[in-house]
Each structure stands twice: as C-alpha cells, then as structure tokens.
Amino acid sequence: MYASVRQYRSSDMEEVGRRAQEGFIPIVRGVAGFSAYYIVDDGDGTFMTITVAEDRAGVEDSVSKAREWVRENAADLTEGAPTVTNGEVIARG
C-alpha cells in the first residue's frame with residue numbers, strides 16, 4: 001500500500017473542498033488500485049490531500065492527475081506549488 005500527501009495553501013478551503021468533491025474525486029477514483037482520498041483542513045490556510053492506493057504506480061498516477069486538475073481547475077485557489085510526499089505505508093490501524 002502506498003500514499004501521497006500533498007500540502008497546499010489556500011484562502012478558500014470551502015471552495016477547494018467543493019471543487020474537489022465535484023471534479024477531482026471522480027477522477028482519482030478511476031486510478032488503478034485506488035483505495036481512499038481525503039482533504040484535511042488544518043484551519044490555518046493550509047490543507048493536505050491524502051491519496052492511498054495499492055501500489056506505487058497508483059500513487060504516481062494520482063499525483064499526475066492532481067497536478068493537472070489543480071492547474072486547470074483550482075489554480076486560482078492555491079498559492080504556489082504543493083509540497084508532495086509519496087511513499088510506502090509501513091504501518092496502519
């Protein structure tokens with residue numbers, strides 16, 4: 001199992017969530033090996049997205065799709081490029 005955590009900054013979390021729910025989540029669900037997707041609002045203008053997939057290829061595909069989707073659909077809501085961390089899940093509960 002692999003995960004991607006992407007950290008962004010935004011001044012409109014509600015709109016980020018709405019657009020992602022309507023536009024990106026249906027796309028990421030189509031990624032081979034997709035398991036889960038979350039958006040976490042830290043309450044201070046930063047949010048993280050977490051994608052979980054069965055393998056590295058699924059996570060890399062999700063990152064590529066996220067990059068393209070944000071550029072085309074949410075660039076006006078995000079500040080700069082996200083910080084991206086991808087890796088193997090080594091423990092879970």
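A residue counts as buried when its relative accessible area is under 20%, and as exposed when that area is over 50%. The exercises below apply to a predicted model.

**Exercise 1.** Determine whether Thr78 is buried or exposed, and locate it in the fold.

*Solution.* Step 1: the relative accessible area of Thr78 is 14%. Step 2: the cut-off for a buried residue is under 20%; therefore Thr78 is buried. Step 3: Thr78 belongs to the loop that runs between helix 2 and strand 4 (83-88). Step 4: beyond its neighbours within four places in sequence, Thr78 is in contact with Tyr8, Arg9, Phe47 and Val70.

**Exercise 2.** Describe the largest nonpolar core and the part that Phe47 takes in it.

*Solution.* Step 1: this core comprises 14 residues. Step 2: Phe47 is among those with the most contacts inside it, as are Tyr8, Phe24, Val28, Tyr37, Trp69 and Val70. Step 3: helix 1 (13-28) and helix 2 (56-73) each contribute at least two core residues, and the largest share, five residues, comes from helix 1. Step 4: with neighbours within four places in sequence set aside, the contacts of Phe47 include Tyr8, Met13, Val16, Ile39, Val40 and Thr78.

**Exercise 3.** Characterise the largest pocket by volume and lining.

*Solution.* Step 1: its volume is about 190 Å³. Step 2: 13 residues line the pocket, and Tyr8, Arg67, Val70, Ala81 and Pro82 lie nearest its centre. Step 3: strand 1 (2-9) and helix 2 each supply at least two lining residues, with helix 2 giving the most, five residues. Step 4: by class, the lining has eight nonpolar, two polar and three charged residues.

Definitions and conventions. Residues numbered from 1 in each chain as written. Predicted model: local features only at pLDDT ≥ 70, side-chain atom pairs only at ≥ 80, totals over all residues. Heavy atoms only, no water. Core = buried A, V, L, I, M, F, W, Y, C linked by side-chain atoms within 4.5 Å. Buried < 20%, exposed > 50% of the residue type's maximum accessible area, 1.4 Å probe, protein only. Helix = DSSP H or I, 4+ residues; strand = E, 2+ residues; numbered from the N terminus. Contact = heavy atoms within 4.5 Å. 1 Å grid on protein atoms, 1.4 Å probe; cavity = no way out; pocket = protein on both sides within 12 Å on 5 of 7 lines; lining within 4 Å. Points joined across faces, edges and corners; volume = space filled by probe spheres on them. Nonpolar A, V, L, I, M, F, W, Y, C, P; charged D, E, K, R; others polar.
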